Amino acid sequence: MPQSAPRSLRDWLDDGESAPGRHIWARHASIALDDLAHGSSLGGRALELHGRSVLVATSHQLTAALALIELDGVARRLVLLPPDARFEHLPAVVADAGIDAIVSDAGASDHGDLAVPLHVTCSPVIEPMTVGRLAPHQTEWVLFTSGTTGAPKMVTHSLSGLTAAIKRSQNRKDPVVWGTFYDIRRYGGLQIFLRAVLDGGSLVLSEAKEPTASHLVRLGKRGVTHISGTPSHWRRALMSSAGDAISPQYVRLSGEIADQAILDNLRAFYPQARIGHAYASTEAGVGFDVNDGLEGFPASMIGQSGDVQMKVVDGSLQIRSNRTATQYIGGAVAALADHEGFVDTGDMLELRGDRYHFVGRKGGIINVGGLKVHPEEVEAIINRHPDVRMSLVRARKNPFTGSIVVAEIVLKEQPESGGAGAQVGALRREILERCRAALPQHKVPVMISFVPALTVGEAGKLARPHA
Amino acid sequence: MTTKLTITSQIQKIADEQSITLAPLVDDMVLLDSGLDSLCFAILVARLEDLLGVDPFTASDDVSFPVTLRDFVVAYENAAKCPSLTA
């Protein structure tokens, strides 16, 4: 449990202990958090959103951050649209989440076609004004899960659950400047946004498409002290020419398996920093931090009592805590937790000595630099080729993205021995062209090999290795 | 073919496949400025492992992440000199 459950984000900002001079810096704009205590980024229209189910659909993270601060405790529900949300999914989101208001910004797509009665614009300029208050709501937060097939899934969280893992620092005199490579509209980035707001700090936002070196220079200029990203983000940082632009006290990795090589490289590059890797997911919340510099986590953490309880069932990590999401919303979706309150993360573990190591995802889901790939969706494209009998898509370990996608294909007829090379080469090109036409780049197999047979298990299903 | 030539020709091939315009492949080129993204490097390292029999970035915990094209080539040249790393 947190030291005291937050009432609303704004109450935390108004907290008298908080240091002055706090900012949220985006690439081309910034705001002073003090201004928000006596002003509005919504043109003073927050009260119109009181008690509503609000879709936050901004084009910029800064305006999303402002809307979240201004509307937590005001709206009944805040639905945070991720940056890569597809327009065709929005009508279902509006229906499933009972959306009756949209907050967007100047750069956002036009949502006029959606059947939503109230549209409010959020601006990165805070207008000074007296903001009235109505009876506070315990706002329900709704986040999208990452990278599944088809329509995105939404899960609900409470602010107390989202912030339960955040420990307020003892020394508030040296304000923390948080930075993250994540987008704050997804769970990993939102955690960093909340840490900055709750712990009296400032925040440097990322921006899509910004070169890594430019982002690092910007982080350095703002004096970032605490910074978080996936192992893939950190590999990019170390490969950029500007890794030394920052000198953080704390480096955090999450969202993918942190291997020993990236932990060791970061320790060598940032000798002054504490290096920690964390386990968290949108559904299971923040599970735990590992701060001993080693990959995996001590097996003794399984089965312990406390705020976060963990067990391993059929190799998969299950978590029960007050930080997990409360439920899925919309569509015909399964229960999020079992009858004992455990959420199955689908992350597969292997015990080696006295530590558990993450070995991949249940069902073979492949994680390419933080983006999930279902093998079946790639196999479906490959199998449509008239010469293909069956295929198996699986992960291959990779130092730059954690995993890449590779495919093994059984042809209906084995290529003839003479001229097989040319025939196979042409087939490979044809199959790859089909994949490129139908799939985003990270899902296209990097390697295709033709094999005489694939193992099929007793239930008639392809034998899949853990991704 | 030299290690460097194998690497640069694979970089060119991946850039063509992904319709990426490459910066000139000079030794001092910062890899992240080349036009290739993380996924391209992932593909590159996987293909080079099949061609050269080694992935120096996975085979050893001591290898730093490469910044320039020269660093990248040197990582492969050093790995080739160390027989225990090659498959």
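User: To start with helix α8 of chain A, how many of its nine residues are buried?

Analyst: Bear in mind throughout that this is a predicted model. In helix α8 of chain A, which spans residues 231-239, eight of the nine residues are buried, so the helix is largely enclosed by the rest of the structure.

User: Which residues of α8(A) are buried?

Analyst: The buried ones are P231(A), S232(A), H233(A), W234(A), R235(A), R236(A), A237(A) and M239(A).

User: How many bridges join β26 to β27(A), and do they run parallel or antiparallel?

Analyst: Strand β26 of chain A, residues 402-411, is joined to β27(A) by four bridges, and the two run parallel.

User: Switching to another bit of pairing: what is the bridge partner of L143(A) in β10(A)?

Analyst: That partner is V155(A). The strands concerned are β9 (residues 140-144) and β10 (residues 154-158) of chain A, which run antiparallel and are joined by five bridges. On β10(A) there is also a pairing with strand β20 (residues 327-329) of chain A, again antiparallel, through three bridges, and there V155(A) stands opposite Y328(A).

User: Where does K153(A) lie?

Analyst: K153(A) is in the loop between β9 and β10 of chain A. It has 19 C-beta neighbours inside 10 Å and therefore counts as partly exposed, given that burial begins at 20 or more.

User: I also want to check backbone angles. What phi does K209(A) have?

Analyst: K209(A) has a positive phi of about 75 degrees although it is not a glycine, which deserves a second look because most residues other than glycine have a negative phi. K209(A) is found in the loop between β12 (202-204) and α7 of chain A, and with 5 C-beta neighbours inside 10 Å it counts as exposed.

User: And D314(A), what is its phi near?

Analyst: For D314(A), another residue other than glycine, phi is near 50 degrees and positive. D314(A) lies in the loop between β18 (308-313) and β19 (316-321) of chain A, where it is exposed, with 8 other C-beta atoms within 10 Å.

User: Now chain B. How many helices and strands are there in chain B?

Analyst: Chain B has four helices and zero strands, and buried residues make up 33% of its 87 residues.

User: How do the axes of α1 and α4 of chain B cross?

Analyst: The axes of α1 (residues 3-17) and α4 (residues 69-81) of chain B come within 9 Å and cross at roughly 135 degrees, which makes α1(B) oblique to α4(B). Their crossing is right-handed. The contact is made by T3(B), K4(B) and I7(B) of α1(B) with F72(B), V73(B), Y76(B), E77(B) and A80(B) of α4(B), and the residues of this contact divide into five nonpolar, one polar and two charged.

User: Last one, the interface: how many residues of chain B are in contact with chain A?

Analyst: There are 18 residues of chain B in contact with 26 residues of chain A. On the chain B side, α2 and α3 (56-59) each supply at least two residues, and the largest share, seven residues, comes from α2(B). By class, that side of chain B has 13 nonpolar, three polar and two charged residues.

Methods. Residues numbered from 1 in each chain as written. Chains lettered and ligands numbered in written order. Predicted model: local features only at pLDDT ≥ 70, side-chain atom pairs only at ≥ 80, totals over all residues. Pairing = 2+ DSSP bridges. Buried ≥ 20, exposed ≤ 12 C-beta atoms within 10 Å, placed from the backbone. Axes fitted to C-alpha atoms, helices over the stretch in contact; angles between N-to-C directions. Parallel < 35°, antiparallel > 145°, perpendicular 65-115°, else oblique. Left-handed = near helix turned anticlockwise from the far one by under 90°. Contact = placed C-beta atoms within 7 Å. Nonpolar A, V, L, I, M, F, W, Y, C, P; charged D, E, K, R; others polar.
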